[in-house]
Amino acid sequence: MKPVSFTINGMAVSAEVEPRTHLADFLREERDLTGTHLGCEHGVCGACTILVDGAPVRSCLTYAVACSGAEVTTIEGLDNDEVTAELREAFKREHALQCGYCTPGMLISARDLVLRAPDADERAIRVAMSGNLCRCTGYVGIIRAIKSVISARRARAIAPVAMNGGALGPAGSRHSGSETVSELMAGRATATPVSAKAQRPAMDRDWRPQVSFEQSFVVHYPRQQVWDFFGQVRDVAACLPGASLVEEPTDNHAEGKIRVKIGPITAEFRGEADIERDEKTYSGKIIGAGSDVRSSSSTRGMINYSLRPTDGGRATEVAITVGYTLTGMLAQFGRSGIVQDVASRLTAAFAQNLEARLGGKALEDLPVSGEGLNAGSLLFALIRDRFKALLKRLFGTR
Ligand code: FES
Ligand code: FES
């Protein structure tokens, strides 16, 4: 086994790998980044295309150990990428996919083309995309989709991007001091392990969430009292079942963890958050990022809240907007309304605990506590509620 360290989708990763392990297997098997598909496994079909240091490479032909020090980006890391978003829309509009097996590789190759060749015509697009094979859709829609994105960007006068370095050599080999493949294979690797803290996704203030939703609840205490309580980070965290702080928080920064059980899986997201409060508008913002090492999942989230007096000032309505992006193995739970329903129950638990704390209850007497949010039982409750709603819709009864 050889040590290797690189950045995958913005997250520093270090691991021990067999020298023969190719990057696609490493990404899929070790990191659960299954958006990288494997077709031919010998460099022909392009299904496994990813970016290494910004350039498209065949991950089935690239040794993981050859990429020490490189920046690796998979289709999951392009969730918030502007060009990829335009391409996704165009692929949808032009019916450029059926089974979708070739699509991640197509999108990555097409993105590179769109960025570098703003003048590409249909022939140039066909030549540039000839390394990506599609077995079920045909190429007409794919070419039309890419062409439409190139034309739209040309109309907006967006300049091309120079190719990253342009050096020849194995993928990832441009890093000063990095070993050649043969040196790595011979066992002279010098990858430096990164700390657990460095494995957290970087905070990025320009990040935009994939999914957003709104929640609100009322607590029966005046706005100023609720506002003052929200300023005490430790007390607020204690109202959230399964959450705790790992370090003493400051007024505008906190590090903590939250434990969630999903059936047999227990995930513990550790991360940090920046906190902003605006006294004048009784509103605040929390921007955080965290990851669960066991499931190789990471999340970024943003919570905006505002407090509004209600019931003649005797109560306060807390309006919350939540935005998040979930990647990795647990991302399957982020694609439907499940996260939103789970968040509703978490919010309800938080509201009950907040009400109790504002009423002077001690931490150990909070109405909703426990090891952590058990999404297993939450999911059961959720399915039951949805089933009831369906029956009601069908038969007008509960
Ligand atoms: S799986 Fe890599 S090119 Fe086909
Ligand atoms: S959409 Fe099925 S292989 Fe391309």
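Arg 154 sits in helix H5, where helices (H or I, at least four residues) and strands (E, at least two) are DSSP runs numbered from the N terminus. Arg 154 counts as partly exposed because it has 14 C-beta neighbours inside 10 Å. The cut-offs are these: a residue is buried if 20 or more other C-beta atoms lie within 10 Å of its own, exposed if 12 or fewer, and partly exposed in between, with C-beta atoms placed from the backbone. Asp 119 is 35 residues away from Arg 154 along the chain, yet their C-alpha atoms are separated by 7.7 Å.

A word on what we are looking at. This is a predicted model, in which local features need pLDDT of at least 70 and side-chain atom pairs count only at pLDDT 80 or more, while totals for chains, interfaces and linings use all residues. Residues are numbered from 1 along each chain as its sequence is written, and chains are lettered from A and ligands numbered from 1 in the order in which they are written.

The chain has 10 helices and 13 strands. Of its 398 residues, 33% count as buried. Two residues are in contact if their C-beta atoms, placed from the backbone, lie within 7 Å. Among contacts between residues at least 6 apart in sequence, 63% join residues at least 24 apart.

Next, the sheet. In what order do the 5 strands of the open sheet stand? The order is S2-S1-S5-S3-S4, and the pairing is mixed. Pairing here requires that DSSP finds at least two bridges between two strands. S2 and strand S4 (55–58) stand at the edges with a single partner strand each, so one side of each has no neighbour in the sheet. From one strand to the next, the twist averages 40°.

S1 has partners of both kinds. It runs antiparallel to S2, with 7 bridges joining the two, and Thr 7 stands opposite Ala 12 in S2. S1 and S2 form a hairpin with 2 residues between them, and Asn 9 in the turn has a positive phi of about 50°. With strand S5 (residues 71–73), S1 runs parallel, joined by 2 bridges. Ile 8 stands opposite Val 72 in S5.

H3 packs on this sheet, touching S3 and S4, and its direction makes about 45° with that of S3. For such angles, axes are lines fitted to C-alpha atoms, for helices over the stretch in contact, and angles run from 0 to 180 degrees between N-to-C directions.

How many of the 14 residues of H3 are buried? The count is 12, so H3 is mostly covered by the definition of burial. Among them are Met 106, Leu 107, Ile 108 and Ala 110. The cover includes S3, S4, H2, helix H4 (122–128) and H5. From its first C-alpha to its last, H3 reaches 20 Å, close to the 20 Å expected at 1.5 Å a residue; the expected span is 1.5 Å times one less than the number of residues.

H1 also has buried residues, namely Leu 23, Ala 24, Phe 26, Leu 27 and Arg 31. They pack against S1 and S2. Just after H1, Asp 32 takes a positive phi of about 55°.

Now the cores. A nonpolar core is a set of buried Ala, Val, Leu, Ile, Met, Phe, Trp, Tyr and Cys residues joined through C-beta atoms within 7 Å. The largest one has 48 residues, and those with the most contacts inside it are Ala 64, Cys 67, Leu 87, Ala 110, Ala 145 and Ile 146. Elements that each supply at least two of its residues include strand S1 (2–8), helix H1 (23–31), helix H2 (82–93) and helix H5 (140–155). H3 gives the most, with 6 residues. At least three residues come from each of domain 1 (2–78 + 162–187) and domain 2 (82–155), the bounds being from an automatic or database domain assignment. A second, separate core of 14 residues includes Val 236, Val 318, Leu 346 and Phe 350.

Last, two loop residues. Most residues other than glycine have a negative phi. His 95, in the loop between H2 and H3, has a positive phi near 55°. It is partly exposed, with 14 other C-beta atoms within 10 Å. Ala 157, in the loop between H5 and helix H6 (181–185), also has a positive phi, of about 55°. Ala 157 counts as exposed because it has 7 C-beta neighbours inside 10 Å.
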